[in-house]
Amino acid sequence: LRDGEPQPSDVVLLDSAPARGHTTRTALQLADYVLVPAPPEPMGLLGLQFMFDVIDELRADPQQGNPFLQILGVQPTLFDQRWPNHHAWVEEMRQFCDNRRVRIFPPIPRRQSYTSLSIAGQDYVPAANAIQEALVTHRAALRRSHGR
């Protein structure tokens, strides 16, 4: 996207650094939806709260922000079933999301390698389904607004 010509597409996924960096803010200004990944640990929850603050700021700024940005959900990552504190932190994330009325997806387990994560292919299914659902809803809204 930085160097090439824009191409027509249904979905463009932008993976950016967390929090308030320029690249992240730019991605959020251009996005229709945001999926927020966060590991189940104290800094992960702090980062999640920080990201929601940035999203709220952008939604509130009609000139430099994105009042239409919607949070698709929160995706807990690097979850280890064997660690009791991970269960506790996912529960903290769930409570935070419930208070904000934001969907939280099932945690993605920690794996030995990203290769095994890709091969398994099932860990991202709930998030992928939500992206598909958001796309269908977005298209329907566009058709209604254009009288089609």
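Modeller: A contact here means heavy atoms within 4.5 Å. On that rule, residues 24 or more positions apart account for 67% of the contacts in the protein chain with a separation of 6 or more.

Colleague: What is the chain made of?

Modeller: This is a predicted model, in which local features need pLDDT of at least 70, side-chain atom pairs count only at pLDDT 80 or more, and totals for chains, interfaces and linings use all residues. Residues are numbered from 1 along each chain as its sequence is written, and side-chain values use heavy atoms, with hydrogens and water left out. The protein chain has five helices and two strands, taken as DSSP runs numbered from the N terminus (helices H or I, at least four residues; strands E, at least two). Read from the N terminus, their order is α-β-α-β-α-α-α.

Colleague: What makes strand 1 and strand 2 a pair?

Modeller: Pairing requires that DSSP finds at least two bridges between the strands. Strand 1 (residues 33-38) is joined to strand 2 by six bridges, so the two strands pair. They run parallel, and Pro37 stands opposite Gln75 in strand 2.

Colleague: Why is strand 2 called mostly covered?

Modeller: Six of the seven residues in strand 2 (residues 70-76) are buried. Buried means under 20% relative accessible area, exposed means over 50%, and partly exposed lies in between (1.4 Å probe, protein chains only). Over the 148 residues of the protein chain, 30% count as buried.

Colleague: Why is Asp80 called buried?

Modeller: Asp80 has a relative accessible area of 6%; the cut-off is under 20%, so Asp80 is buried. Asp80 sits in the loop between strand 2 and helix 3. Leaving aside residues up to four places away in sequence, Asp80 touches His86 and Arg110.

Colleague: How do you know where His86 falls, buried or exposed?

Modeller: The relative accessibility of His86 is 5%, so His86 counts as buried. This residue belongs to helix 3. With residues up to four places away in sequence left out, His86 touches Pro40, Leu78, Phe79, Asp80 and Arg110. From C-alpha to C-alpha, His86 is 9.9 Å from Pro107, and the two are 21 residues apart in sequence.

Colleague: Why is Leu78 called partly exposed?

Modeller: Leu78 is at 35% relative accessibility, which falls between 20% and 50%, so it is partly exposed. Leu78 lies in the loop between strand 2 and helix 3. Its phi is near 55°, a positive value in a residue other than glycine.

Colleague: What makes Arg101 exposed?

Modeller: Its relative accessibility is 79%, and over 50% counts as exposed. Arg101 is in the loop between helix 3 and helix 4 (114-120). Arg101 also has a positive phi, of about 55°, although it is not a glycine.

Colleague: Why is helix 2 called roughly parallel to helix 3?

Modeller: Helix 2 (residues 42-60) and helix 3 (residues 84-100) pack at an angle of about 15°, with their axes 9 Å apart. Angles under 35 degrees count as roughly parallel, over 145 as roughly antiparallel, 65 to 115 as roughly perpendicular and the rest as oblique; therefore helix 2 is roughly parallel to helix 3.

Colleague: Which residues of helix 2 meet helix 3?

Modeller: Pro42, Leu45, Leu48, Gln49, Phe52 and Asp56 in helix 2 meet Trp89, Glu92, Met93, Phe96 and Arg100 in helix 3.

Note on methods. Axes fitted to C-alpha atoms, helices over the stretch in contact; angles between N-to-C directions.
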